[in-house]
Structures are given as C-alpha cells and as structure tokens.
Amino acid sequence: MNWCSTLADERLVSVHAFVDESRRNDTYLLAVALIDPGQLTKLRKLLMGLRMPNQRELHFKKETPARRKQILSTLGSAVVQVDVYLACCRKGEERARQTCVARLTDDVLKVGVTRLVFDSREVRDDHDLLTIRTTLGKSSWGTGLFYEHLPSENDPLLWIPDIVAWCYGAGGDWLRRVQPLMGNVIDTRKP
C-alpha cells in the first residue's frame with residue numbers, strides 16, 4: 001500500500017500537490033508531487049541547496065547530465081511520491097493537458113490533497129482553472145481544495161514534478177534513476 005492511500009484512509013493530515021508538465025513526441029506528461037505538510041520545509045531547503053550560484057530555479061532540461069545525476073542522487077531519499085499522467089497530443093497539446101488535469105483533480109481529492117499548485121503557464125492558466133471547476137462541479141467550495149498557479153521560481157517544490165516528468169519522458173537510465181520518487185503512472189491513452 002502506498003503512503004498516500006494510507007493518508008487518505010486515515011485522513012490524519014492534508015497533502016499538498018505540486019504539478020508540472022513535459023512533452024515527448026505525441027505524449028503529454030503531467031507529473032504531480034504529493035507531499036506531506038511535515039516535509040514541505042525540509043524539501044524546500046534541500047532543493048534550494050541544489051541550485052548553482054546565481055541559479056534562480058532548477059529546470060531539469062537545462063541541467064547537464066552530471067548535474068542531473070547529482071540532483072537525483074540527493075533527492076533519492078526524499079519523502080515524496082510523484083504520479084505521472086499521460087495523454088496523447090495528436091488532437092492538441094491543450095486538450096491532452098486538460099484530460100490529465102481533470103483526472104488529476106479527481107485523484108487528488110481521493111488522497112486528501114488540500115493545496116494543489118501548478119507551474120504557471122501565464123495566460124493558459126485559465127484553461128486549468130476551468131477544467132478544475134468543471135471537474136469539481138457545484139461542490140467545489142465544499143471540497144477543501146485550494147488550487148493556484150505559481151511561477152516555478154516561487155516554490156522549489158514545483159521543481160520535483162519537473163524532474164520526474166523529464167526523467168520519465170527520457171526513459172532508459174533516467175527512468176531507472178528516478179524510481180525512488182515514482183508513484184503511479186496513469187495512462188489516459190488507454191480505453
């Protein structure tokens with residue numbers, strides 16, 4: 001049983017979720033890091049310590065392979081679960097993203113998420129907000145779910161789903177290295 005299922009069953013603590021995306025060919029990846037509130041400060045400090053001098057944020061695509069390995073090695077013992085949602089982009093990237101956002105919204109409620117933070121895409125953030133509101137329906141105010149978009153430099157915890165999404169998309173040795181952080185893979189492409 002994974003730790004999020006235990007949390008959802010016991011309802012002892014709220015869970016915070018941080019979301020970022022990646023794309024590989026026709027596959028859209030949306031990664032969500034599920035973090036216990038007791039780990040938030042510790043993980044933020046750990047991530048801030050991984051930045052190079054004058055680096056505002058970690059963005060895995062921009063890191064060298066040696067730095068990627070160092071970052072993954074450091075994060076290997078972190079208490080976090082990152083689920084990855086997959087969708088097909090053949091009918092458009094935004095449509096694929098919103099398929100993932102709708103499924104993710106349902107799933108985070110099941111594990112007791114009270115704060116859902118997306119890496120901001122600026123003007124396109126409204127698409128996510130509409131999908132979340134539609135998915136929650138009339139009960140949106142009663143779910144206790146607070147959701148927002150932030151630039152990734154505003155919260156280092158947004159770097160975790162960026163790292164996992166990049167590694168999952170790259171596959172091979174990168175997927176092997178990110179396994180300690182991996183949770184569930186939800187493939188919306190399957191009927």
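Student: How much accessible surface does the protein have, and what share of the surface belongs to carbon and sulfur atoms?

Tutor: Happy to start there, keeping in mind that this is a predicted model. The accessible surface of the protein is about 9,600 Å², and carbon and sulfur atoms account for 51% of that area.

Student: What share of the residues is buried?

Tutor: A residue counts as buried when its relative accessible area is under 20%. By that cut-off, 49% of the 191 residues in the protein are buried.

Student: How many helices and strands does the protein have, and in what order do they run?

Tutor: There are seven helices and six strands. Starting at the N terminus, the order is α-β-β-α-α-β-α-β-α-β-α-α-β. The radius of gyration is 16 Å, close to the 16 Å from the globule rule for 191 residues, so the protein is as compact as a globular protein of that length.

Student: Could we look at one helix? What is the span of H4, and which of its residues are buried?

Tutor: Gladly. Helix H4 covers residues 93–110 and reaches 26 Å from first C-alpha to last, close to the 26 Å expected at 1.5 Å a residue. Its buried residues include Ala96, Cys100, Val101, Leu104 and Val108, along with Arg97 and Asp107.

Student: Which elements do the buried residues of H4 pack against?

Tutor: Here, packing is read from contacts, meaning heavy atoms within 4.5 Å. The partners of H4's buried residues are strands E1, E2, E3, E4 and E6, together with helix H5.

Student: What happens just after H4?

Tutor: Look at glycine 112: this residue takes a positive phi of about 80 degrees.

Notes. Residues are numbered from 1 along each chain as its sequence is written. This is a predicted model: local features need pLDDT of at least 70, side-chain atom pairs count only at pLDDT 80 or more; totals for chains, interfaces and linings use all residues. Side-chain values use heavy atoms; hydrogens and water are left out. Helices (H or I, at least four residues) and strands (E, at least two) are DSSP runs, numbered from the N terminus. The radius of gyration is taken over C-alpha atoms; the globule rule is 2.2 Å times the number of residues to the power 0.38. Buried means under 20% relative accessible area, exposed over 50%, partly exposed in between (1.4 Å probe, protein chains only). Accessible areas come from the Shrake-Rupley method with a 1.4 Å probe; for residues, only the protein chains shown count as cover. The expected span of a helix is 1.5 Å times one less than its number of residues.
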